[in-house]
Amino acid sequence: MGNEVLVEIKDMCKNFGPTKALKHVNMTFRRGEIRGLIGENGSGKSTITSIVAGMQQATSGEMTYKGKPWHPHSMVQAQHEGISMILQEANTIPGVTVAQNIFAGREDEFSHFGVINMGKMYKAADEMLKKFGVSHIHAKDPIDMYNFEDRKLIEIVRCISDDTQILVVDETTTALSLEGREILYKLIHKMADNGKCVVFVSHDMDEILEQCSVLTVLRDGDIIGELSRKEMDAPDAVKRSGI
């Protein structure tokens with residue numbers, strides 16, 4: 001199962017009017033890897049991952065997921081099928097509890113004849129928070145009482161389940177403290193060890209070199225290079241990346 005291709009992207013293009021955001025991109029995401037995506041703003045990093053995660057549609061090209069055609073129409077559909085994305089922007093629901101944020105769209109799991117068992121939801125949410133090492137956050141609390149960093153941690157907990165096969169981390173670490181980053185790093189390495197795939201988007205080359213097992217470099221919608229773990233460990237890795 002290790003190294004098995006989960007997602008294959010073939011000849012993907014994405015246009016925004018006259019702007020060509022992606023130019024015939026080919027890429028694979030494999031089990032057991034933490035694939036870094038790096039490049040300047042406008043290079044296409046987030047465009048690729050947002051298409052894979054159902055946030056937007058490609059202009060042309062093909063995708064397969066687990067060997068079958070993949071055309072997600074929404075992030076909710078993609079997450080249901082095992083592909084989750086943690087966005088750079090805040091993505092929590094104000095005015096409700098932490099638990100309601102964690103299980104947004106999954107209320108049926110706690111519903112009986114249309115009535116939601118909130119006690120059961122709170123218990124499940126607290127267990128998830130504890131599992132991910134963020135037990136200082138409590139399921140019953142209003143989401144609005146937490147700061148931006150804690151809300152990002154809540155998003156991470158919401159995005160990941162036992163069924164998650166691919167996790168996209170899009171510039172998330174910029175919002176986290178050192179402690180928050182360590183929680184995330186531990187999580188993504190555990191996922192890779194368990195045969196899942198992590199796609200790690202960052203501007204921080206040092207972070208990419210430290211955390212990722214393979215690196216794809218983009219520029220102006222093109223892939224300009226790919227580095228293996230061995231190549232990333234070389235003294236001239238930054239020069240070889242073209243960044």
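The structure is a predicted model, and the largest pocket in it holds about 760 Å³ of space.

**The largest pocket**

- A total of 27 residues line the largest pocket, and those lying nearest its centre are Gln-79, His-80, Ala-104, Arg-106 and Arg-158.
- Two or more lining residues come from each of helix H2 (75-81), strand E6 (83-86), helix H4 (118-131) and helix H5 (148-159), with the largest share, 4 residues, supplied by H2.
- Sorted by class, the lining of the largest pocket is made up of 12 nonpolar, 8 polar and 7 charged residues.

**The second largest pocket**

- Helix H6, which covers residues 178-193, contributes the most to the lining of the second largest pocket, giving 5 residues.
- In the second largest pocket the lining divides into 5 nonpolar, 4 polar and 5 charged residues.

**Helix H5**

- Helix H5 contains 12 residues and spans 16 Å from its first C-alpha to its last, which is close to the 16 Å expected at 1.5 Å a residue.
- This helix is mostly covered, since 9 of its 12 residues are buried; the buried positions are Asp-150, Lys-152, Leu-153, Ile-154, Glu-155, Ile-156, Val-157, Arg-158 and Cys-159.
- Among these buried residues of H5, Arg-158 is also one of the residues that lie nearest the centre of the largest pocket.

**Cysteines**

- With a disulfide taken as a pair of cysteine sulfur atoms within 2.5 Å, the count for the model comes to 0 disulfides.
- Cys-159 is in no disulfide, and the cysteine sulfur nearest to its own, that of Cys-197, is 15 Å away; Cys-159 counts as buried because its relative accessibility is 6%, under the 20% limit.
- For Cys-197, the closest cysteine sulfur belongs to Cys-212 and lies 10 Å from its own, which is too far for a bond because the two sulfur atoms would have to be within 2.5 Å.
- Cys-197 likewise counts as buried, at 0% relative accessibility.

**Aromatic pairs**

- A search of the whole structure finds 2 aromatic pairs, and one of them joins Phe-103 to Phe-110 in an edge-to-face arrangement, with 4.7 Å centre to centre and 65 degrees between the planes.
- Both partners in this pair, Phe-103 and Phe-110, are buried.

**Residues with a positive phi**

- Most residues other than glycine have a negative phi, which gives the context for the two residues that follow.
- Phe-113 is not a glycine, yet has a positive phi of about 55 degrees; this residue sits in the loop between strand E7 (111-112) and strand E8 (115-116).
- Phe-113 counts as exposed because its relative accessibility is 77%, over the 50% limit.
- Asp-220, also not a glycine, has a positive phi of about 50 degrees and is placed in the loop between strand E11 (214-219) and strand E12 (222-228).
- With a relative accessible area of 49%, Asp-220 is partly exposed, because the exposed class begins over 50% and the buried class lies under 20%.

**Val-169 and Gln-77**

- Val-169 belongs to strand E9, residues 166-170, and is buried, with a relative accessible area of 1%.
- Val-169 and Gln-77 are 92 residues apart along the chain, and their C-alpha atoms are separated by 18 Å.

Definitions and conventions: Residues are numbered from 1 along each chain as its sequence is written. This is a predicted model: local features need pLDDT of at least 70, side-chain atom pairs count only at pLDDT 80 or more; totals for chains, interfaces and linings use all residues. Side-chain values use heavy atoms; hydrogens and water are left out. Buried means under 20% relative accessible area, exposed over 50%, partly exposed in between (1.4 Å probe, protein chains only). Rings of Phe, Tyr and Trp (its six-membered ring) pair if their centres lie within 6.5 Å; planes under 30 degrees apart count as stacked, over 60 as edge-to-face and the rest as tilted. On a 1 Å grid over the protein atoms alone, a cavity is a set of points where a 1.4 Å probe fits but cannot get out, and a pocket is an open set with protein on both sides within 12 Å along at least five of seven lines; lining residues have an atom within 4 Å of a point. Grid points are joined across faces, edges and corners, and a volume is the space filled by probe spheres set on the points. Ala, Val, Leu, Ile, Met, Phe, Trp, Tyr, Cys and Pro count as nonpolar, Asp, Glu, Lys and Arg as charged, and the others, Gly among them, as polar. The expected span of a helix is 1.5 Å times one less than its number of residues.
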